[in-house]
Amino acid sequence: MNFPDYRGRRVRRTEGLRRMVRETRLSVDNLCYPLFCAPGQGVQKPISSMPGQHVWSVDKAVDAAAAAYDAGIPSVILFGIPEKKDAVGSEAWAANGVVQRAIKAIKKRCPELVVIADACFCEYTDHGHCGVIHERELDNDASLENLARTVVSYARAGVDIVAPSGMLDGFVGACRESLDEEGFTKTAIMAYSAKYASAYYGPFRDAVDSAPQHGDRRGYQMDPANAAEAVREVTMDVGEGADIVMVKPALAYLDVIRVVADEVNLPIACYNVSGEYAMIEAAAANGWIDRDRTVLETLTGMRRAGADILITYHAMLAAKLLAK
Ligand code: PBG
Ligand code: ZN
């Protein structure tokens, strides 16, 4: 079709026409809201590098989760900041750990809210790596054993979905096997399948104090240059029993979301990470961009790339905007 037979503007003329031909839908159903849970009572500590986000004590996290539920958001994902860190991150699987308590309390207050718990050790270890360290390297298989304990402890607390995030080889299989052995066949796994060694995690690491004390995470997280490898990682996780696969971060990896969505017949999540949030907030605070429009455009881009589930610190704002 050529001009003047084709005039693209004919179907862009009014909001009604634009709604009719819109290809991508962004809905509150797509959103997942991250919550940082810490010890204490009545704590609501602002995270300076993530304006508008907080570290919550469990009682406050329950209120925040209830607010998300009331806003129509179907799920939250929990991160824990322990009382004490140690070499192996043992508080991660403590029956009375902060995430385990938060899971119980949130499911009690909002039984229909889907509660996801991130399962990793970098927030819990004194060295800040995502598992057990042996000769300055992450010991894969020793870390898997602790991961298996951790996800079972989440399942005992009543979690709906566990989200192993350490990029250990075999981590999905280890989670599935341990959950099934303990009778938790209904607990789902959302795998951080293609998680990149990204500079965009900076604000998150400030919030949970999880920056590695030596070295970096490039020995386990993926090289930002690779996309075929992402397909390989995702395919492995599907074979090991993942129910949902994730690409993280989102914005610099929209092409990866697209290839993964084309390759894999499972729900696709993407993680709109802390640095992506911080960039929008910083520019908006300076009056350089329109926060509301930028947020909706960004999330729509992730949907267009093929993601079904958008984990985003902007979930509460997006829910409010979408309700209008
Ligand atoms: C830890 C973990 C990270 C994030 C979630 N879980 C980052 C890291 O590797 O330090 C990042 C989340 C964000 O930046 O918003 N395994
Ligand atoms: Zn980690």
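The lining of the largest pocket comprises four nonpolar, two polar and six charged residues (Asp, Glu, Lys and Arg count as charged, Ala, Val, Leu, Ile, Met, Phe, Trp, Tyr, Cys and Pro as nonpolar, and the others, Gly among them, as polar). The model is predicted, with pLDDT of at least 70 needed for local features and 80 or more for side-chain atom pairs, whereas totals for chains, interfaces and linings use all residues. Residues are numbered from 1 along each chain as its sequence is written, chains are lettered from A and ligands numbered from 1 in the order written, and side-chain values use heavy atoms, without hydrogens and water.

Helix H10 (291-305) gives the most to this lining, with four residues (helices are DSSP runs of H or I with at least four residues, numbered from the N terminus). Pockets are open sets of points on a 1 Å grid over the protein atoms alone, with protein on both sides within 12 Å along at least five of seven lines; a cavity is a set where a 1.4 Å probe fits but cannot get out, and lining residues have an atom within 4 Å of a point.

Ligand 1 sits in the largest cavity (more than half of its atoms lie within 2 Å of the grid points). It is surrounded by 17 residues, the closest being Lys195, Arg205, Gln221, Lys248 and Tyr313 (a heavy atom within 4 Å). This shell has nine nonpolar, three polar and five charged residues. A polar side-chain atom of Arg205 is 2.6 Å from a ligand 1 oxygen atom, and a side-chain N or O atom of Ser274 lies 2.7 Å from an oxygen atom of ligand 1.

Methods
A polar contact is a pair of N or O atoms within 3.5 Å; within protein, one must be able to donate a hydrogen and the other to accept it, and residues adjacent in sequence count only if both atoms are side-chain atoms. Helices (H or I, at least four residues) and strands (E, at least two) are DSSP runs, numbered from the N terminus.
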